[in-house]
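This report looks at a few local features of one model, taking each in turn. Please keep the sequence and the structure in view while reading.

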Amino acid sequence: MAAFSLNVNGRAVSVAADGDTPLLDILRNHLGLVGTKFGCGLEQCGTCMVLLDGHPAKSCGKALSAVAGRSVVTIEGIGTPERPHPLQQAFLDEQAGQCGYCLAGIIVSAKALLDNNPTPSRRDIALALDDNICRCGSHPRILRAVERAAATLRGGAR
Ligand code: FES
Ligand code: FES
């Protein structure tokens with residue numbers, strides 16, 4: 001079994017696994033990063049979204065061999081309970097979610113948006129989250145939370 005090197009949340013890691021193993025499995029079952037969720041496993045729902053070299057990517061559909069040498073950021077790399085990212089804080093403040101299962105993927109997608117567009121319109125946010133399904137119908141609060149985070153970030157926080 002080959003070993004693959006990649007960078008996860010700023011840390012160099014080496015994983016010995018079959019190269020066909022989905023990145024999602026590697027994150028959850030090899031590296032203990034269970035914030036990234038399994039939803040459909042078919043690249044349809046976005047719950048497994050991570051940043052791959054800064055771009056949103058569905059980790060259920062990325063083979064380990066395809067991410068070797070690349071940079072992966074998961075929800076754990078965006079913020080912590082002790083030091084939440086403004087997006088995470090805004091989702092708490094807006095109570096943007098019910099079951100919460102979709103939120104890690106949504107926050108990852110929103111992070112990619114705000115990294116590139118600090119002043120997104122509501123339509124920009126909706127388009128950026130188009131690949132993320134929320135089964136609880138929390139979309140209005142989710143949109144407000146991303147707008148709140150954008151405003152916080154423009155104000156110079158973090
Ligand atoms: S679990 Fe990856 S897109 Fe649904
Ligand atoms: S809050 Fe339940 S799926 Fe989005």
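How many residues lie between strand 1 and strand 2 in the hairpin that they form, and which residue in the turn has a positive phi?

## The hairpin

In this predicted model, two residues lie between strand 1 and strand 2 in their hairpin, and N9 in the turn has a positive phi of about 55°. Strand 1, which covers residues 3–8, pairs with strand 2, which covers residues 11–16, in the antiparallel sense and over six bridges.

T36 belongs to the loop that runs between helix 1 (23–30) and strand 3 (49–52). Although placed in a loop, T36 is buried, because its relative accessible area of 1% is under the 20% limit.

When neighbours within four places in sequence are left aside, the contacts of T36 include L24, L27 and R28, as well as T47, C48, M49 and V50. S59, T74, I75 and E76 are also in contact with T36.

## Helix 5 against helix 7

The axes of helix 5 (residues 103–116) and helix 7 (residues 139–154) come within 11 Å of each other and cross at roughly 40°, which means that helix 5 is oblique to helix 7. The crossing in which helix 5 passes helix 7 is right-handed.

On the side of helix 5, L103, I106, A110 and L114 take part, and they meet I142, V146, A149, A150 and L153 in helix 7. Sorted by class, this contact of helix 5 with helix 7 comprises nine nonpolar residues, with no polar and no charged residues.

Note on methods. Residues numbered from 1 in each chain as written. Chains lettered and ligands numbered in written order. Predicted model: local features only at pLDDT ≥ 70, side-chain atom pairs only at ≥ 80, totals over all residues. Heavy atoms only, no water. Pairing = 2+ DSSP bridges. Helix = DSSP H or I, 4+ residues; strand = E, 2+ residues; numbered from the N terminus. Buried < 20%, exposed > 50% of the residue type's maximum accessible area, 1.4 Å probe, protein only. Contact = heavy atoms within 4.5 Å. Axes fitted to C-alpha atoms, helices over the stretch in contact; angles between N-to-C directions. Parallel < 35°, antiparallel > 145°, perpendicular 65-115°, else oblique. Left-handed = near helix turned anticlockwise from the far one by under 90°. Nonpolar A, V, L, I, M, F, W, Y, C, P; charged D, E, K, R; others polar.
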